[in-house]
Amino acid sequence: MEDQEIRAALDHHWAASDANDFEAEHQIYREDAVLEYPQSGEHIHGRQHIQSSRAAQPNQKRFTVRRIIGAGSLWVTEYILTYDGRPSYTVSIMEFLDGKVARETQYFGDPFEPGPSRAQWVGRMP
């Protein structure tokens with residue numbers, strides 16, 4: 001699969017995620033895909049289990065993609081995942097095999113106040 005096709009599949013995946021279209025969101029995964037959340041220690045095996053675990057979440061979710069980078073079989077998406085109005089800064093690392101995601105690892109970070117000790121050297125992100 002060409003990089004342009006993977007990028008289009010990722011754009012479709014994140015748009016479907018934001019729209020809560022669980023069927024379209026999970027078309028990107030292989031049947032035997034693995035999803036890991038290192039911070040909680042969770043390991044979910046299989047596209048159907050990944051989809052079911054996400055559909056069961058009661059939170060209102062929004063996805064705002066900041067950037068997607070990658071080539072070949074390795075792609076990284078930085079995005080803001082907002083649960084019930086609270087943002088979580090998130091990184092998704094996807095490994096592709098035969099045009100579908102075989103493995104995804106997601107990392108989450110909560111926002112925090114900037115440190116006053118470095119204020120003279122920094123600006124605020126848009």
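Student: What makes residues count as being in contact with Glu95, and which ones are they, leaving aside its neighbours within four places in sequence?

Tutor: The cut-off is heavy atoms within 4.5 Å. With those sequence neighbours left out, the partners of Glu95 are Ser73, Leu74, Lys100, Val101, Ala102 and Arg103. Bear in mind that this is a predicted model, where local features need pLDDT of at least 70, side-chain atom pairs need 80 or more, and totals for chains, interfaces and linings use all residues. Numbering starts from 1 along each chain as its sequence is written, and side-chain values use heavy atoms, without hydrogens or water.

Student: Is Glu95 called buried, exposed or partly exposed, and why?

Tutor: Buried means under 20% relative accessible area, exposed means over 50%, and partly exposed is in between (1.4 Å probe, protein chains only). Glu95 has 34% relative accessibility, so it gets the label partly exposed. Glu95 sits in strand β5; strands are DSSP E runs of at least two residues, helices are H or I runs of at least four, and both are numbered from the N terminus.

Student: And what makes Asp110 exposed?

Tutor: Its relative accessible area is 53%, so Asp110 counts as exposed. Asp110 comes in the segment after β6 (100-109). Beyond its neighbours within four places in sequence, Asp110 is in contact with Pro87 and Ser88.

Student: Back to the inside: what makes a set of residues a nonpolar core?

Tutor: The members must be buried Ala, Val, Leu, Ile, Met, Phe, Trp, Tyr or Cys, joined through side-chain atoms within 4.5 Å. The largest core here has 18 residues, and Leu10, Trp14, Tyr29, Met94 and Phe96 touch the most other members. β1 gives the most to this core, with four residues. Leaving out neighbours within four places in sequence, Met94 is in contact with residues including Leu10, Trp14 and Tyr29.

Student: Why is a space called a pocket and not a cavity?

Tutor: On a 1 Å grid over the protein atoms alone, a cavity is a set of points where a 1.4 Å probe fits but cannot get out, whereas a pocket is an open set with protein on both sides within 12 Å along at least five of seven lines; lining residues have an atom within 4 Å of a point. The largest pocket has a volume of about 570 Å³, volume being the space filled by probe spheres set on the points, which are joined across faces, edges and corners. Its lining has 17 residues, with Tyr89, Phe112, Pro114, Arg124 and Met125 closest to the centre.
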